[in-house]
Amino acid sequence: MLSLLIMLFTGCASSIPPGSIMLKVDNNAAEDSRYNISRSGTYTCYGLYTECYLIDLTEHRIVWNKDITEGNPFDESITFSGSDGQAVNVDVSTAYQILGSDEQIVALARKYTAEGIHQADNLVNTRVRDATRDSLNRCAQTMTVEQIYGERRSEVFDCALLMLQAQYEPEGLHIERLNLNGAVRLPATIQTSMEARISMTADADRVRREVDKVTAEGEKTIAAATAAAEATRIQSEAQATADKLRASAITPETLRLRELEIQAAAIEKWNGQLPVSTSGQGMFIPLPATDK
């Protein structure tokens with residue numbers, strides 16, 4: 001957060017940068033006229049009892065880490081508890097922005113005098129951080145530690161964000177985001193127990209998948225054999241039906257018709273000559289030749 005305390009006794013004018021406003025506080029004036037806000041143009045700040053604060057209205061991000069090598073050189077992580085009373089520890093990141101009307105900003109400056117509205121990081125790092133821890137505790141009352149660690153992780157942070165926005169939005173401090181910045185840290189005993197259970201569940205799932213695979217392959221083999229047997233049965237029935245139909249089609253009439261067809265074919269092939277011999281009673285009798 002860009003902050004600037006300017007005490008000018010010479011009355012020199014300065015420009016207000018884009019994305020900022022100037023909050024001028026006249027400590028010698030009555031309460032209702034002590035604060036004055038300029039959003040653009042130039043300003044002058046002079047007098048022994050006058051203070052000028054350049055307030056940045058752009059979005060800012062703050063991270064509360066356990067690792068002292070990131071951010072401030074001390075543990076800023078947040079600890080809260082689930083419904084089972086077990087504590088979890090998390091790194092949290094938040095993004096905020098000062099918004100609202102002149103009246104809201106003045107009200108914010110009056111309420112948080114100790115933190116300093118011109119140094120909003122101080123406000124967020126103290127009161128908002130405390131409110132964040134309280135909101136996470138409230139939102140986690142219906143969740144076990146394992147749920148916070150697992151499937152309801154985002155739910156608890158979404159709930160806490162809504163609570164913070166409801167608290168600070170009317171005052172002109174907009175909390176844009178509240179995110180888990182890293183992994184959820186669990187007590188060692190809970191972590192070990194949960195990892196063992198996860199491993200057992202994974203093994204059970206693997207065995208179940210293998211059983212399902214073997215069962216599916218067996219069912220596939222049975223289905224193939226059943227289909228082959230059914231195909232053979234259908235083919236046999238079809239052949240039997242065809243044979244039966246052919247057999248039922250042989251009658252004296254069809255035999256006589258076939259005999260006539262054979263005789264007609266023989267007549268078509270006859271060359272007009274009578275046979276020179278014929279057989280009878282086991283011997284051949286020569287026939288006389290005829291002249292044409």
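**Side-chain contacts in the predicted model**

A search of the whole structure identified zero aromatic pairs, a pair being defined as rings of Phe, Tyr or Trp (its six-membered ring) with centres within 6.5 Å, classed as stacked for planes under 30 degrees apart, edge-to-face for over 60 and tilted for the rest. The structure is a predicted model, in which local features need pLDDT of at least 70 and side-chain atom pairs count only at pLDDT 80 or more, whereas totals for chains, interfaces and linings use all residues. Residues are numbered from 1 along each chain as its sequence is written, and side-chain values use heavy atoms, with hydrogens and water left out.

A contact between a charge and a ring was found at Tyr149: the charged end of Arg153 sits over this ring, 5.5 Å from its centre. The criterion requires NZ of Lys or CZ of Arg within 6 Å of the ring centre and within 35 degrees of the ring normal.

The search of the whole structure also returned 10 salt bridges, each defined by a side-chain nitrogen of Lys or Arg within 4 Å of a carboxyl oxygen of Asp or Glu. One of them joins Arg39 to Asp102, with 2.9 Å between the closest N and O atoms. This pair connects distant parts of the chain, 63 residues apart: Arg39 belongs to the loop between strand S4 (35-38) and strand S5 (42-44), and Asp102 to helix H1 (residues 102-111). Helices (H or I, at least four residues) and strands (E, at least two) are DSSP runs, numbered from the N terminus. Arg39 counts as partly exposed because its relative accessibility is 39%, and Asp102 is likewise partly exposed, at 30%. For these assignments, buried denotes under 20% relative accessible area, exposed over 50% and partly exposed in between (1.4 Å probe, protein chains only).

A further salt bridge is formed by Glu59 and Arg177, at 3.1 Å from N to O. Here too distant parts of the chain are linked, since Glu59 lies in the loop between strand S6 (50-56) and strand S7 (60-64), and Arg177 in strand S11 (residues 173-180), 118 residues apart. Glu59, at 40% relative accessibility, is partly exposed, as is Arg177 at 32%.

Within helix H5 (residues 188-248), Glu210 and Arg206 are four residues apart, about one turn of the helix, and their side chains meet in a salt bridge of 3.3 Å, N to O. Glu210 is partly exposed at 43% relative accessibility, and Arg206 is partly exposed at 37%.
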